2 protein chains.
Amino acid sequence: MTEATSLSDFEIFFSPSTVAVLGASQDPSKYGNSCIRSLLTSGFPGRIYPINPHLKEVLSLRAYPALDAVPEAKIDLAIIVLPSTALVQALGDCARKGVRGAVIISAGFKEAEAKEGAELQKQLAVVANESGIKIIGPNTFGYINPPAHLNASFTPYFSGLPAGPLALLSQSGGVCHYLLPSCLNETIGFRLVVGLGNRANLDFADWLPVLAGDHQVRAIMMYIEGVDDPRSLVEAASRVTPLKPVVAYKVGRGSTVAKASISHTGSLAGSYAIYQGAFRQAGIISVSSMVEMFDAAKALALQPPLKGSRVAVASTVAGPGLIASDIIETGGLKMATFCPSTQAKIDGIIAPIVARRNPVDLGLIATREDLCLAVLEAILSDNGVDALLTCWAYVHEAYAMPAEGLAALARKYAKPVVVSMGYPQGSWWQKAKVILESNCIPVYPTPERAAAAVLALARYGKIWQRKIPVLKD
Amino acid sequence: MTEATSLSDFEIFFSPSTVAVLGASQDPSKYGNSCIRSLLTSGFPGRIYPINPHLKEVLSLRAYPALDAVPEAKIDLAIIVLPSTALVQALGDCARKGVRGAVIISAGFKEAEAKEGAELQKQLAVVANESGIKIIGPNTFGYINPPAHLNASFTPYFSGLPAGPLALLSQSGGVCHYLLPSCLNETIGFRLVVGLGNRANLDFADWLPVLAGDHQVRAIMMYIEGVDDPRSLVEAASRVTPLKPVVAYKVGRGSTVAKASISHTGSLAGSYAIYQGAFRQAGIISVSSMVEMFDAAKALALQPPLKGSRVAVASTVAGPGLIASDIIETGGLKMATFCPSTQAKIDGIIAPIVARRNPVDLGLIATREDLCLAVLEAILSDNGVDALLTCWAYVHEAYAMPAEGLAALARKYAKPVVVSMGYPQGSWWQKAKVILESNCIPVYPTPERAAAAVLALARYGKIWQRKIPVLKD
């Protein structure tokens, strides 16, 4: 965060009362139109002012020829969709109207081939900093704040994003357009999604303390191509990671990305290896795909971190249990050894024709909710078990999926529980998934992804323990 | 394949006229019931005979007290859901009734803790081999043959699996119950899914030549925990891979799986590293998750293998284009350099405010189908380009997704084309995905998965070139 910035400066992005769209359009193929549709469909409770010298009305909203024609003493937030060359003047207009936050969709700045772009961005930052205007962008798709019913992006369907404990800072709007569609049907949701774009005066390092200080945020994701000042990012992250988990997906292993990301959001990608080292030092959990980033953040937002490294696996189908065990072991964790009394309880319930040691095969009792829960309770009550990963595969209607019971066990024993479920859409397990996730148990569609989530919980366990002294058991 | 086995012996699994279910049940929670539901819901055109000494009718089908009471001269296929101890006698009954293929669902054989299981399985194999009965199982969920409308598994919803060019041999039923639900809505489908179970007398090595010889099969997947005779698997695969791509997902990196898979399907997992070396030698494409296995097989079934290593990436969103490029490069392929005339064509269409070299940013023209296709044609017509990976992100209705046009270009230039698409369910792009895949262009939900599919096409390109001499360009 620059010296002149404090947390309260960001308040304007969280609850603006008035939003103006500079460059509003009647053409549905233009961002000046889709931005207004986004605001409308998100149910934004404040007032929306389309600005365009040639229009009287946009999408049934009264339009104004210029910002100073709007009958409000001040405007909180400006979404700007003007040509890049008009931006410096537009920001001046914003300053005069008391605007304190701007979302600059316009491209053609530091990322452009032509050198004028970089110069233009510099000028933009100077005007903004002098006027105390915080900028998201330029060259951004915008941001979304679901709890505030505020979709300040050019993408109307992002209005359907559920509210929740996740935050995403993305240097690419495209990554959001791949990741967020699948999140529309998730039980878990977002506190904030920000497309950082060219980061004229707000970078990852500026946003991290804001998200750390927001009580709704429980896990932070970052998609990073490269930043101009990696040191400040690492310093900011170091202060955040003892409090909240931070997951980063950094591209740039190959040489093309290092070159190309300059032209994408005008930044140096830098050495992938150097970033990875810095991430480790800062307690950032590094991942290597957008799905892995989301999966890790979901687990970290819902479940406590692992206190040890001993994992139990129980599965209604043996193969996926083996797959999960494989990832647990190769990821540096241990398959828990049950104590004799736990093993005796399990052996009393499951016949000796399937595997009863860790990983436990629940196949023979897969239609008996009570027996499955008895086995899972035996496992969770074992002091030698630090976490439970359990896999469930749907065969037919009579197959048990004791969502409520499993949620109660997770609460009772306060150990991390992660679930994977294979089932066809339309089966009653779809509801079981919602019940589990509403009870803070993350559910994944494959054992591989569930096991990777357990690894993320273990990685954060280590980060968390090294920062904050905790009493030994 | 054992000496006594020939391809025609497998015909019985592809088009049986009569199927008996030994151990039929009226209880919907039992496999003896769900197996019959599977047969009924798949629309099996042959005759179904439930066998149970205590029932007159099961699911409106007339039941018979014993196999020899069925008024048919012979029965082709038997699905057996009896206790393991009744199996040897049941197989004897089958032999007398002319049965030539048996699906043995029953568990409690080589995989059981008790030693009697292994002995029982040996007896089973002896009786089966003497009678010329081919066994799928024991300890299997069954098999599915969608083109024959035959769901011979205990899982009724597998009847919804589409027919197509994929084949899956799985040592785990559980893996099928995770992988196949998502396949119910895929455009691409299956020729055959076989749960191998304990492999009493049919192993991977026996099935591979059968699938290689079936003209409907275009890509083969194997999920492997471990086999008793890895050499025969590798030998069989070596003969198949020059003709058809074989993708294998082998678990067992960790020590637990090595131990546990003995009790799962009664096999030795063996050293993971040794398997990997043997796979390479045999031209088997090794993957490390079930999703990666499916993604690779889908690309390999639909697209030609890469003839070179130079890949072009074009994306309507820069970030995902960078992600894909990163995977292409770190996976050992090269980012193509466009020839001057190609670059001039692209530069004539896209303004210099975004990246126009590989990876190409289509963002500025993302609402213009004609311009996008002109850029893609320029790329595909470049002799320095061996494959195209193209990423599309949906923003609003006006965004182009030229599915038909892209399909025509792929046909015209006969180079591998792989697509990733990010979009919300319910948007018109859902239909575009179907159009693309119906035209043999595989579509993936993330750039990472699309890039991994390109790597699989390149790996098979090398395997294919080393086996079959081809004319140089």
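I started with A:Arg47 and A:Glu72, whose side chains meet in a salt bridge at 2.4 Å, N to O. I count a salt bridge when a side-chain nitrogen of Lys or Arg is within 4 Å of a carboxyl oxygen of Asp or Glu. A:Arg47 lies in strand E2 (residues 47–51) of chain A and A:Glu72 in the loop between strands E4 (61–62) and E5 (77–80), so the pair ties together parts 25 residues apart in sequence. Helices (H or I, at least four residues) and strands (E, at least two) are DSSP runs, numbered from the N terminus.

The model is predicted: local features need pLDDT of at least 70 and side-chain atom pairs pLDDT 80 or more, while totals for chains, interfaces and linings use all residues. Residues are numbered from 1 along each chain as written, chains are lettered from A and ligands numbered from 1 in written order, and side-chain values use heavy atoms, without hydrogens and water.

I checked burial next. Buried means under 20% relative accessible area, exposed over 50%, partly exposed in between (1.4 Å probe, protein chains only). A:Glu72 is buried at 15%; A:Arg47 is partly exposed at 42%.

I then looked up A:Asp386 and A:Arg310, which form a salt bridge at 2.9 Å, N to O. A:Asp386 sits in the loop between helix H13 (369–380) and E18 of chain A, and A:Arg310 in strand E15 (residues 310–315), so this pair ties together parts 76 residues apart in sequence. A:Asp386 is buried at 12%, and A:Arg310 is partly exposed at 33%.

I turned to the A–B interface. I found 76 residues of chain A in contact (heavy atoms within 4.5 Å) with 76 of chain B. Two salt bridges link the chains. In one of them, B:Glu397 pairs with A:Arg37 at 3.0 Å between the closest N and O atoms. H11(A) gives the most to the side of chain A that touches chain B, with nine residues.

A:Arg37 is buried, with a relative accessible area of 16%. B:Glu397 is partly exposed at 49%.

Last, I took helix H9 (residues 272–282) of chain A. Its buried residues are A:Tyr272, A:Tyr275, A:Gln276, A:Ala278, A:Phe279 and A:Ala282. Just after H9(A), A:Gly283 has a positive phi of about 75 degrees.
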